[in-house]
Amino acid sequence: MKFLVLISQVPDTTARIAFTNDNTQYDGNGVTWIVNPYDEWYALVRALELKEANGGSVTTITVGGADCDATIRKALAIGADDAVRVDAQPTDAYGVAAQVAAYAKDKGFDVVIAGKETIDHNGSQVAGMVAELLDLPYVPLASKLDMAGNTATVERDVPGGVEVVEVNAPFVISAAKGMAEQRIPNMRGIMAARTKPLTVVPAAPVETLSSTVKFELPPAKQAVKMIPADQAGQLIELLHTEAKVI
Amino acid sequence: MSVVVFIDTRGDKLPKAAQEALTYGKHIAAKLGGGVTAVTFGDGANLEGLGAFGATKVVVAKGVKTIESQQLTKLVADTATTEKAQVIVCVHDGTGKAVAPRVAARLKAGHVAGAIGLPNMDGGFQVKRNVFSGKAQAWVSITSPVKVISMMANSIPIESNGSPATVSDFGGDLGAARVTVKEVRKSGGGINLPEAEIVVSAGRGMKGPEFWAPVEELAKELGAATACSRPVADMHWRPHHEHVGQTGVAIRPNCYIAIGISGAIQHLAGVNQSKVIAVINKDPEAPFFKAADYGIIGDAAEVLPQLIAAAKKLNAER
């Protein structure tokens, strides 16, 4: 099985969210960048587990500038065999997906796997777009992935429950919580990652369909109204009569 | 100049998010001077009734029973092309996430996922959406001729004053299913968390899964969905689908009641767009109080029975 794992670089989950240039750009100053948790904990680790069990290879792909390389090395330290970076600066999910599809289309990957969303853009878009551009089946929001030969059995979250589905490789899948457990890279992995191949490929020509024009921060909250613990029932009354939400 | 709204109508009852999506589409269609065509699949009943929420036409692919993303993408894209749709609206849920990105890529249409309000169409086409897991919002400008919007639940008040729609079967070829459903496990009949208007959520402060009965009782009295924090889901005290926060579900109910949750930044990210937040925590330094509208410093075991009694009293009065 040849796995292609989509890796996105995102600000650390505790990073301060602020914007510059008249609120048109994320302020990355002093921010620690990490592999998007869904890509790392679930998509990458499950691909590695399946490779370890059945053989094959795990390649990661990232669309972005050289500032992503340290994050990509982290994915290599966890165990990916090699990495590809498409040297492009997309303005939307389609821009990312079109670059991934342009690279992957003639490489014969059996499974293309991504996290269910990134924690910065939260779009859940790229994997589905890649599937369409490659004309492959797509199983989003998967919490379990098993392979027997060419056939995958997948559990996925759907509105109101969980479905067990079957799909034959090649296919595209997005990984949700439950698919695998986070792996902490060890020293051997970190050393090995330094010499693993990280191939930079030039951007393919891709049209721009959308772009972010302005960011906003949510309005600041009013001061909290405290209710004494021995009169806690007042909360229900206030939510009903004052806030009018119950 | 029409709008196509793709919704899942398979259950016994039309999901609230589907009603919202139709209302959302109706508002856009009114601006564009066109109608709304609802696109759906499976054997849902009363499709004429979708007219109440704004659909003038309904196109249904009865042969597709499951969320097969390629078949549904062809269904939506072909209908949009036939109807000369300028805007395609989906719901940002498990069904919409399977279909909307594919439709967008197929039609080379700009796609805004997780829209939280109607587009601004004055001189352009901009849609506001959540980014950074709800810690900020972004205005996204779509510049392609066809636009796809996936709408977050609880983004628009439902309007249901329209007249019945005309229903027709989709006549085209959708190809074979490449993803086959082997088994469906419904989650216990509670209220669907992303759509819930009231959510009662609890965390590690509950001390163990055996103490959840009063949380569920309060939720039942308030007609609320139950939710939990990440540690609670990780320790398997509660199912994963209840986990709200940055790496769980992001929700925006009218009322979020958090019991025994400290309010780490990752948790706040998933809930800070709730209209009103009430926090119950025995630690007065819990960061959640800074994000709350109402607060009670106290132990869950002491506070919950009082809340349940007050909720019962309120229900008896109304």
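Predicted model: local features only at pLDDT ≥ 70, side-chain atom pairs only at ≥ 80, totals over all residues.

Me: What makes up chain A in helices and strands?
Reply: Chain A has six helices and 15 strands. Its C-alpha trace spans about 65 × 45 × 40 Å along the principal axes.

Me: What share of chain A counts as buried, and what makes a residue buried?
Reply: The cut-off is 20 or more other C-beta atoms within 10 Å of the residue's own. Of the 246 residues of chain A, 50% count as buried.

Me: What share of the contacts in chain A with a separation of 6 or more comes from residues 24 or more positions apart?
Reply: Such residues account for 71% of those contacts.

Me: How do you know that strand 11 of chain A and strand 10 of chain B pair?
Reply: Pairing needs at least two bridges. Strand 11 (residues 161-168) of chain A and strand 10 (residues 179-186) of chain B have seven, in the antiparallel sense. The two strands therefore count as paired. One of the partners can be named: A:V167 bridges to B:V179.

Me: What is the strand order in the sheet that holds this pair, and why is strand 13 of chain A called an edge?
Reply: The sheet is open, with 10 strands in the order 13(A)-7(A)-6(A)-1(A)-8(A)-12(A)-9(A)-10(A)-11(A)-10(B). Its pairing is mixed. Strand 13 (198-202) of chain A and strand 10 of chain B each have a single partner strand, so one side of each lacks a neighbour in the sheet. Neighbouring strands are turned by 30° against each other on average, direction ignored.

Me: What makes strand 1 and strand 6 of chain A a pair?
Reply: Again, at least two bridges are required. Strand 1 (residues 2-6) and strand 6 (residues 57-63) of chain A share five, in the parallel sense. The pair therefore qualifies. Within strand 6 of chain A, A:I61 stands opposite A:L6.

Me: Which strands does helix 1 of chain A lie across, and which does helix 3 of chain A?
Reply: Helix 1 (residues 37-54) of chain A lies across strands 1, 6, 8, 9 and 12 of chain A, and runs at about 150° to strand 8. Helix 3 (residues 93-104) of chain A lies across strands 1, 6, 7, 8 and 13 of chain A, at about 140° to strand 6.

Me: What makes A:A97 part of a nonpolar core?
Reply: A core joins buried nonpolar residues through C-beta atoms within 7 Å. A:A97 is among the residues with the most contacts inside the largest core, which has 136 residues. Helix 3 of chain A gives the most to this core, with nine residues. Beyond its neighbours within four places in sequence, A:A97 is in contact with A:V126, A:M129, A:V130, A:L133 and B:A105. Another core, of 56 residues, lies apart and includes A:L235 and B:F288.

Me: How many residues does each chain give to the contact between chains A and B?
Reply: Chain B gives 81 residues and chain A gives 68. On the side of chain B, helix 3 (residues 94-107) gives the most, with nine residues. By class, that side has 37 nonpolar, 29 polar and 15 charged residues.

Me: What are the domains of chain B, and what separates their centres?
Reply: The assignment gives domain 1 (2-169) and domain 2 (193-317). Their centres, taken over C-alpha atoms, are separated by 31 Å. The contact takes 11 residues from domain 1 of chain B and 10 residues from domain 2 of chain B.

Conventions
Residues numbered from 1 in each chain as written. Chains lettered and ligands numbered in written order. Contact = placed C-beta atoms within 7 Å. Helix = DSSP H or I, 4+ residues; strand = E, 2+ residues; numbered from the N terminus. Nonpolar A, V, L, I, M, F, W, Y, C, P; charged D, E, K, R; others polar. Axes fitted to C-alpha atoms, helices over the stretch in contact; angles between N-to-C directions. Domains from an automatic or database assignment. Buried ≥ 20, exposed ≤ 12 C-beta atoms within 10 Å, placed from the backbone.
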